[in-house]
Amino acid sequence: MVSFEIGCNFIFILKKSFTLKYFKSLCLVVFLGVFQSVSARSANRLLVISFDGFRWDYIHKANNLTSFHRMINDGGWAIHGIKNTFLTKTLPNHFTIATGLYEESHGVVGNVMYDPAFKETFHGWLDKDARDSKWWDNGGEPIWVTNQRQDTQHRSGVLAWPGGLAIVKGILAYKTESAFDGLTMKERAKKMIKWFKDDYPINLGLYYENEPDETGHAFGPDSKEVLSKIYQLDNLLGDILYDLEDNKLLETTNIIVTSDHGMTPTPVKNDTLKINLDDYISLNSYNITSKNPVAGIFPASKELEDEIFQNLSRIPHAHVYRKKDIPPEYHYTNNRRIPAIILEPEEHYWISYNGSAGVNGEHGYNNSLTSMHPFFIAMGPDFKPGAKVDTFDNVDIYPLMCKLLQLKPAPNNGSLEIVSKLLVNRDSSGSSTFGVYILILLLIGLVGGIFGVAVCQAHREHRRRRLAVSSFSLPHSFRYSKSDRMPLMTNSSDDDFNDES
Ligand SMILES: [Zn+2]
């Protein structure tokens, strides 16, 4: 009882300086804290840029690249680039980045491919096939679809990115643009940024440029022409960063800049690198879907398959596989669009048939060759400044994008194991849960405190009333003898009472 009295006195003193108004404010602050902790942080917008054929080491070829190095310093970087998927061609790898699936799973197994069920050949750069869902909607889910499926407030913009013109799973990106829009690089970049600041802005943008691939094919990866393109793209990236900054979007935008594949020299003047198919198999015994540099061969009849296979096996500097024997690490078997036989030249060797000519740079070779690997840099509020990893697989980009956009990934072949090392550690679900517990305890403590004050107040009021009643009932003489004073010569009992209080 004594301790209760002391406690009450303590709380009473507290109460004097800590009015109910302050308690209300504190409760509000604590409530908001709890609410903020348990409710989700809204996702930052995401811009993904692909510079076609940008090999992982091009960044080291040029001096004084400002924008690429700004991103590397302020964000994350895969030092040795990323490993792409087989075939190391443009359309299959862009669709792999978008879906997180190997090519046999997303079904875009070449820039050109034959589908035996449709009995039709796909030419991915033709507008009609770029828009035709039957080539793209094979079970894989591109990030722009995942983005719009899971939140009605989300809008995706796909500018020239392969697959972005087709409806997949019943969804078309909110904004789309063909790769052949007739715009310059700068105009295209401006358009992309504009989509982010429209009245109904996109929260995800995918943006594709066809350089330095085109120049790499024409002049080879070590040419001064490719070097000049790298500077041009550095400037373009600088414009994009400036434009985002100017529109106050930069601080809340994550930016990934990557590519689909690298490039290796295939100098056409060097005759020893040319594999002439006509020297091994006759033109009318097969159909060919692709030959740059891996040849996809459909024998004209089942009976010819063994003969064709045996003849192709004699070619030096090349590996030939029947579909069922393609090594499992290629992830390039389980799809009807994969040809019955593939002929895979060693690096730098290239295939000619029916007199077809070569180019000075090529990609499409085995994806374990480092020359085939593209680069990866990223920057933004969710990337750790200066974070570096050695390398990772391009199938990991899809789950990374989902993580950045706070989306549940569709089934995919990727993993967050390595890429998450590039991210600011906001997850720490353990510590945030701990924080919520602490805040809840504080709230309970405050409510308890208010209750305690109320009880003490009631107790003091009760005691005050009890004492008042007692003072009225005590004999007059006792009252004054206790104070050891002379009785006051007054009849005012109120004054007497006041002395006691
Ligand atoms: Zn490409």
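**Helices, sheets and a buried loop residue**

In helix 10, the residues Met-185, Lys-186, Ala-189, Lys-190 and Ile-193 meet Leu-236, Asp-239, Ile-240, Asp-243 and Leu-244 of helix 12, where two residues are in contact if their C-beta atoms, placed from the backbone, lie within 7 Å. The residues of this contact divide into six nonpolar, no polar and four charged, with Ala, Val, Leu, Ile, Met, Phe, Trp, Tyr, Cys and Pro counted as nonpolar, Asp, Glu, Lys and Arg as charged, and the others, Gly among them, as polar. The model is predicted, so local features need pLDDT of at least 70 and side-chain atom pairs count only at pLDDT 80 or more, while totals for chains, interfaces and linings use all residues. Residues are numbered from 1 along each chain as its sequence is written.

**The chain as a whole**
- The protein chain has 17 helices and 20 strands, which are DSSP runs numbered from the N terminus (helices are H or I with at least four residues, strands are E with at least two).
- Of its 501 residues, 41% count as buried; a residue is buried if 20 or more other C-beta atoms lie within 10 Å of its own, exposed if 12 or fewer, and partly exposed in between, with C-beta atoms placed from the backbone.

**Helices that pack on helix 12**
- The axes of helix 10 (residues 185-196) and helix 12 (residues 224-246) come within 10 Å and cross at roughly 30°, which makes helix 10 roughly parallel to helix 12.
- Here axes are lines fitted to C-alpha atoms, for helices over the stretch in contact, and angles run from 0 to 180 degrees between N-to-C directions; angles under 35 degrees count as roughly parallel, over 145 as roughly antiparallel, 65 to 115 as roughly perpendicular and the rest as oblique.
- Helix 4 (residues 66-74) packs against helix 12 at an angle of about 60°, with the axes 7 Å apart, and the two helices are therefore oblique to each other.
- This contact is made by Thr-66, Ser-67 and Phe-68 of helix 4 together with Asp-234, Leu-237, Gly-238 and Leu-241 of helix 12, and by class it has three nonpolar, three polar and one charged residues.

- Eight strands form an open sheet in the order 7-6-8-1-9-18-2-19, with mixed pairing; two strands pair if DSSP finds at least two bridges between them.
- Strand 7 (175-177) and strand 19 (387-389) are the edge strands, each pairing on one side only.
- Strand 9 (residues 253-258) and strand 18 (residues 376-379) pair in the antiparallel sense over four bridges, and Ile-255 stands opposite Met-379 in strand 18.
- Helix 14 (residues 397-405) lies across strand 1 (45-51), strand 8 (204-209) and strand 9, running at about 155° to strand 1.

**The sheet of four strands**
- Another open sheet has the order 12-13-15-14, and its pairing is antiparallel.
- Strand 14 and strand 15 (residues 341-345) pair over five bridges, and the bridge partner of His-319 in strand 15 is Glu-344.
- Helix 13 (residues 305-312) lies across strand 12, strand 13 (295-299), strand 14 and strand 15, running at about 10° to strand 15.

**Ile-281 in its loop**
- Ile-281 is found in the loop between strand 11 (274-276) and strand 12 (286-290), and it counts as buried because it has 23 C-beta neighbours inside 10 Å.
- Leaving aside neighbours within four places in sequence, Ile-281 is in contact with Tyr-286, Ile-308, Asn-311 and Leu-312.
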